[in-house]
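Subject: The structure you asked to look at

Hi,

Have a look first, then read on for what turned up.

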Amino acid sequence: MRRFAAVSWIAIPLAGVLVLSGCSSAKSDSDELQIVANPVAAKPAVSPAVTVRPAGQVLPTGSVSALAVAQGTLVVALAQPPSLQLYDLNALASPPVNMPLYGKAEKLTVAPGRVEIAEPAQGVVQQLSLPARKLTETKTGGQPASSIAYGADRLVAMGPAKDIQVLPATGPARTIGGQLYSADDVVDTGKGVVVLDRLRTAVFSVDVAAGKVNEGLRAGDGAANAVADSFGRVLVTDARAGALIAFSASPLIMRQRYPVPGGAYGIAYDSQRSLAWVTLTERNEVVGFDVRGGEPVEKYRFPTVRQPDSVGVDEKSGRVLVGSAAGEGTQVIQP
């Protein structure tokens with residue numbers, strides 16, 4: 001029996017929730033992860049108008065497509081014009097440094113000494129070095145969705161190309177493919193690499209050394225975003241069913257599925273405090289969960305700017321940064 005079938009219906013004693021990691025009756029006979037004939041990637045729920053004042057401070061940025069925090073710098077990617085705004089976290093009242101991009105940045109990922117910037121419409125991944133604040137580029141072709149550091153190499157999830165590019169420090173690039181409908185994000189948990197496939201709403205383990213995509217598991221009804229935690233797991237938001245799902249990477253096993261109603265979408269992780277920060281776009285909220293135990297425990301909940309699609313965290317201070325995709329600014333919250 002294949003790996004997919006082996007985990008079709010699993011009951012996990014987690015807040016009384018029945019975990020359905022297999023497929024519905026609408027599944028294809030040839031694909032045990034596909035649940036509809038024409039899958040569509042999950043998108044953030046449309047936010048209502050803000051009725052509660054956002055917590056903390058709101059910086060007057062434009063429409064935010066992604067954000068990250070590294071080396072004491074808040075990096076905000078703006079959709080129009082495609083650019084970065086760099087804020088000194090110790091001097092947020094000072095004007096930001098503006099840096100133009102080739103195209104809209106869909107994903108910012110922190111790597112040692114830099115931030116990886118995926119610009120799919122331009123077929124480019126750029127690297128912002130910090131604290132030097134210099135941009136360099138790598139032309140990948142296709143539509144790169146995400147880029148991460150992997151030792152001396154980089155792994156680039158190539159979106160609709162359905163594969164992962166391995167870009168070594170020296171020598172030719174290579175490609176890892178197989179089983180994917182869309183390679184939307186790649187996560188290194190420290191105990192294994194996992195790729196997120198939004199079309200199949202699934203996660204797959206990746207053997208980088210062997211150049212193979214291995215087993216896959218359903219990740220709810222609308223897997224949206226993923227991040228690694230401190231325990232060798234990947235945490236995934238389910239935007240359609242409203243859940244926070246945890247998978248171990250090696251072996252790939254669903255460990256937790258916790259209900260998070262309200263349009264769970266963006267996610268960031270604070271390794272110093274073991275907190276997963278999840279945005280709720282249906283409610284204009286951000287929630288902080290302690291994920292050290294057998295199930296997530298809510299520790300914080302704050303009102304946010306409208307359409308809080310992006311979230312990051314400054315692990316030094318614990319501050320949470322939330323970006324509005326509706327152009328209502330970038331929020332800075334001190335829990």
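Predicted model: local features only at pLDDT ≥ 70, side-chain atom pairs only at ≥ 80, totals over all residues.

You'll find Ser248 in strand β22, which covers residues 243-249. Is Ser248 buried or exposed? Buried means under 20% relative accessible area. Ser248 has a value of 10%, so it counts as buried. Its side chain reaches the backbone oxygen of Pro251 at 2.8 Å. If you skip residues up to four places away in sequence, Ser248 touches Gly232, Arg233, Ile253 and Arg255.

Arg233 makes a salt bridge with Asp229, and the closest N and O atoms are 2.6 Å apart. Both Arg233 and Asp229 are buried.

Now for the nonpolar part. In soluble globular proteins, nonpolar side chains tend to be buried together. Here the largest nonpolar core has 17 residues, and Val203, Val234, Val236 and Phe247 have the most contacts inside it. The elements giving two or more residues to this core are β17 (193-197), β20 (223-228), β21 (233-238), β22 and β23 (252-259). Which of them gives the largest share? That is β22, with four residues.

Leaving out neighbours within four places in sequence, Val236 is in contact with a list of residues including Leu196, Val203, Ala219, Leu244, Ile245 and Phe247. Apart from this core lies another one of 16 residues, among them Leu155, Ile176, Ala183 and Val186.

Back to charges. How many salt bridges does a search of the whole structure find? It finds 13. Here are two more of them:

- Arg114 and Glu116 meet through their side chains, at 2.5 Å from N to O. Glu116 has a relative accessible area of 1%, so it is buried.
- Glu298 and Arg301 also pair up through their side chains, at 2.9 Å from N to O. Glu298 is partly exposed, with a relative accessible area of 38%, and Arg301 is partly exposed too, at 34%.

Finally, salt bridges with shared partners join Arg114, Glu116 and Arg154 into one network.

Conventions: Residues numbered from 1 in each chain as written. Heavy atoms only, no water. Buried < 20%, exposed > 50% of the residue type's maximum accessible area, 1.4 Å probe, protein only. Polar contact = N/O pair within 3.5 Å; in protein donor to acceptor, adjacent residues only side chain to side chain. Contact = heavy atoms within 4.5 Å. Core = buried A, V, L, I, M, F, W, Y, C linked by side-chain atoms within 4.5 Å. Salt bridge = Lys/Arg side-chain N within 4 Å of Asp/Glu carboxyl O.
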